[in-house]
Amino acid sequence: MDIRGWLQRHSLRLLAILDTPNAIAGGAAIGIFFGFSPLFGLKTLLSIFFAWLMRCNILAAVIAVTLHDIAIPFMPVLYRWEYKVGYWLLSNPHEWPPSLKQLHWDAQTWWSWTTFLTVGKPLLLGSLLIGAPVALLALCLEMLSSLWS
(Lines give C-alpha, C1' and ligand atoms only; values in the text may rest on other atoms or scores of the structure.)
Protein backbone atom coordinates (compact mmCIF):
# COMPACT_ATOMS: atom_id res chain seq x y z
CA MET A 1 0.00 0.00 0.00
CA ASP A 2 1.32 3.39 -0.99
CA ILE A 3 0.81 5.56 2.11
CA ARG A 4 2.11 8.71 0.46
CA GLY A 5 -0.30 8.36 -2.46
CA TRP A 6 -3.20 7.60 -0.12
CA LEU A 7 -2.48 10.71 1.95
CA GLN A 8 -2.17 12.84 -1.18
CA ARG A 9 -5.50 11.59 -2.59
CA HIS A 10 -7.31 12.20 0.69
CA SER A 11 -5.75 15.61 1.28
CA LEU A 12 -6.77 16.63 -2.24
CA ARG A 13 -10.29 15.37 -1.52
CA LEU A 14 -10.36 17.56 1.58
CA LEU A 15 -9.28 20.56 -0.48
CA ALA A 16 -11.95 19.86 -3.12
CA ILE A 17 -14.87 19.97 -0.67
CA LEU A 18 -17.45 22.51 -1.73
CA ASP A 19 -18.28 24.23 1.54
CA THR A 20 -17.28 27.32 3.46
CA PRO A 21 -13.80 27.42 4.95
CA ASN A 22 -15.33 27.75 8.42
CA ALA A 23 -17.38 24.59 7.98
CA ILE A 24 -14.40 22.63 6.69
CA ALA A 25 -12.13 23.87 9.49
CA GLY A 26 -14.81 23.10 12.09
CA GLY A 27 -15.34 19.59 10.74
CA ALA A 28 -11.62 18.87 10.72
CA ALA A 29 -11.26 20.20 14.28
CA ILE A 30 -14.16 18.02 15.45
CA GLY A 31 -12.54 14.99 13.82
CA ILE A 32 -9.19 15.72 15.44
CA PHE A 33 -10.84 16.20 18.83
CA PHE A 34 -12.62 12.84 18.69
CA GLY A 35 -9.49 11.22 17.31
CA PHE A 36 -7.90 11.66 20.73
CA SER A 37 -10.71 9.83 22.52
CA PRO A 38 -10.26 6.18 23.49
CA LEU A 39 -13.75 5.29 22.23
CA PHE A 40 -12.61 3.07 19.36
CA GLY A 41 -15.93 2.16 17.78
CA LEU A 42 -17.59 5.49 18.43
CA LYS A 43 -14.99 8.00 17.25
CA THR A 44 -16.25 8.27 13.70
CA LEU A 45 -19.92 8.19 14.68
CA LEU A 46 -19.43 10.90 17.30
CA SER A 47 -17.51 13.08 14.86
CA ILE A 48 -20.27 12.70 12.25
CA PHE A 49 -22.98 13.51 14.79
CA PHE A 50 -21.24 16.55 16.24
CA ALA A 51 -20.23 17.86 12.80
CA TRP A 52 -23.89 17.60 11.76
CA LEU A 53 -25.03 19.18 15.03
CA MET A 54 -22.61 22.10 14.72
CA ARG A 55 -23.35 22.45 10.95
CA CYS A 56 -19.75 21.73 10.06
CA ASN A 57 -18.55 19.65 7.17
CA ILE A 58 -19.11 15.95 7.86
CA LEU A 59 -16.62 14.72 5.27
CA ALA A 60 -13.86 16.86 6.80
CA ALA A 61 -14.66 15.41 10.23
CA VAL A 62 -14.55 11.84 8.94
CA ILE A 63 -11.27 12.38 7.10
CA ALA A 64 -9.69 14.04 10.16
CA VAL A 65 -10.76 11.31 12.58
CA THR A 66 -9.55 8.65 10.14
CA LEU A 67 -6.21 10.36 9.58
CA HIS A 68 -5.75 10.45 13.34
CA ASP A 69 -5.73 6.65 13.29
CA ILE A 70 -2.45 6.71 11.37
CA ALA A 71 -0.81 7.30 14.75
CA ILE A 72 -1.92 3.86 16.00
CA PRO A 73 1.66 2.77 16.82
CA PHE A 74 1.93 5.75 19.18
CA MET A 75 -1.53 5.43 20.73
CA PRO A 76 -0.46 3.35 23.79
CA VAL A 77 1.94 6.13 24.77
CA LEU A 78 -0.72 8.78 24.13
CA TYR A 79 -3.36 6.86 26.08
CA ARG A 80 -0.97 6.41 29.02
CA TRP A 81 -0.25 10.15 28.97
CA GLU A 82 -3.99 10.93 28.85
CA TYR A 83 -4.56 8.50 31.72
CA LYS A 84 -1.83 10.14 33.80
CA VAL A 85 -3.30 13.60 33.30
CA GLY A 86 -6.83 12.43 34.14
CA TYR A 87 -5.67 10.41 37.15
CA TRP A 88 -3.71 13.36 38.48
CA LEU A 89 -6.74 15.65 38.19
CA LEU A 90 -9.18 13.18 39.76
CA SER A 91 -6.99 12.12 42.67
CA ASN A 92 -7.23 14.01 45.95
CA PRO A 93 -4.53 14.99 46.91
CA HIS A 94 -3.08 15.17 43.41
CA GLU A 95 -0.72 12.31 42.68
CA TRP A 96 0.53 10.50 39.62
CA PRO A 97 -0.76 6.97 38.95
CA PRO A 98 1.35 3.98 39.97
CA SER A 99 3.77 2.70 37.37
CA LEU A 100 2.69 -0.11 35.12
CA LYS A 101 5.23 -2.44 36.71
CA GLN A 102 3.44 -2.19 40.06
CA LEU A 103 0.08 -3.26 38.66
CA HIS A 104 -0.75 -6.96 38.95
CA TRP A 105 -3.95 -7.46 37.02
CA ASP A 106 -5.22 -10.74 35.70
CA ALA A 107 -7.60 -11.22 32.78
CA GLN A 108 -10.64 -11.34 35.06
CA THR A 109 -9.95 -7.82 36.33
CA TRP A 110 -10.08 -6.32 32.83
CA TRP A 111 -13.63 -7.63 32.29
CA SER A 112 -15.00 -6.01 35.44
CA TRP A 113 -17.15 -2.85 35.31
CA THR A 114 -15.23 -1.39 38.23
CA THR A 115 -12.07 -1.52 36.12
CA PHE A 116 -13.87 0.35 33.37
CA LEU A 117 -14.84 3.06 35.83
CA THR A 118 -11.44 3.31 37.52
CA VAL A 119 -9.49 3.35 34.25
CA GLY A 120 -12.11 4.89 31.96
CA LYS A 121 -12.87 8.07 33.89
CA PRO A 122 -9.25 9.31 34.06
CA LEU A 123 -8.66 8.25 30.45
CA LEU A 124 -11.72 10.12 29.15
CA LEU A 125 -10.91 13.23 31.20
CA GLY A 126 -7.31 13.20 29.99
CA SER A 127 -8.39 12.74 26.38
CA LEU A 128 -10.74 15.73 26.69
CA LEU A 129 -8.01 17.91 28.16
CA ILE A 130 -5.41 16.90 25.60
CA GLY A 131 -7.72 16.73 22.57
CA ALA A 132 -9.40 20.11 23.09
CA PRO A 133 -6.27 22.31 22.78
CA VAL A 134 -4.98 20.30 19.82
CA ALA A 135 -8.36 20.60 18.07
CA LEU A 136 -8.47 24.34 18.81
CA LEU A 137 -4.96 24.72 17.41
CA ALA A 138 -5.98 22.79 14.29
CA LEU A 139 -9.06 24.99 13.90
CA CYS A 140 -6.97 28.15 14.13
CA LEU A 141 -4.37 26.82 11.67
CA GLU A 142 -7.02 25.82 9.16
CA MET A 143 -8.78 29.17 9.48
CA LEU A 144 -5.44 30.93 8.88
CA SER A 145 -4.63 28.73 5.92
CA SER A 146 -8.03 29.50 4.38
CA LEU A 147 -7.34 33.22 4.79
CA TRP A 148 -3.95 32.93 3.09
CA SER A 149 -5.25 31.01 0.10
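Here is a short tour, from the overall fold down to a few single residues.

## Ground rules

This is a predicted model, in which local features need pLDDT of at least 70, side-chain atom pairs count only at pLDDT 80 or more, and totals for chains, interfaces and linings use all residues. Residues are numbered from 1 along each chain as its sequence is written, and side-chain values use heavy atoms, with hydrogens and water left out.

## The overall fold

The chain has seven helices and zero strands, so counted by DSSP runs (H or I of at least four residues for helices, E of at least two for strands, numbered from the N terminus). Along the sequence that reads α-α-α-α-α-α-α.

Of the 149 residues, 34% are buried, meaning under 20% relative accessible area; over 50% is exposed, and in between is partly exposed (1.4 Å probe, protein chains only). Taking contacts (heavy atoms within 4.5 Å) with a separation of 6 or more, 69% join residues 24 or more positions apart.

## A look at Thr20

Thr20 sits in the loop between α1 (3–15) and α2 (21–35). It counts as partly exposed because its relative accessibility is 42%. Thr20 is 126 residues from Ser146 in sequence, yet their C-alpha atoms are 9.6 Å apart in space.

## The cysteines

A search of the whole structure turns up zero disulfides, a disulfide being a pair of cysteine sulfur atoms within 2.5 Å. Cys56 is buried because its relative accessible area is 17%, while Cys140, at 41%, is partly exposed.
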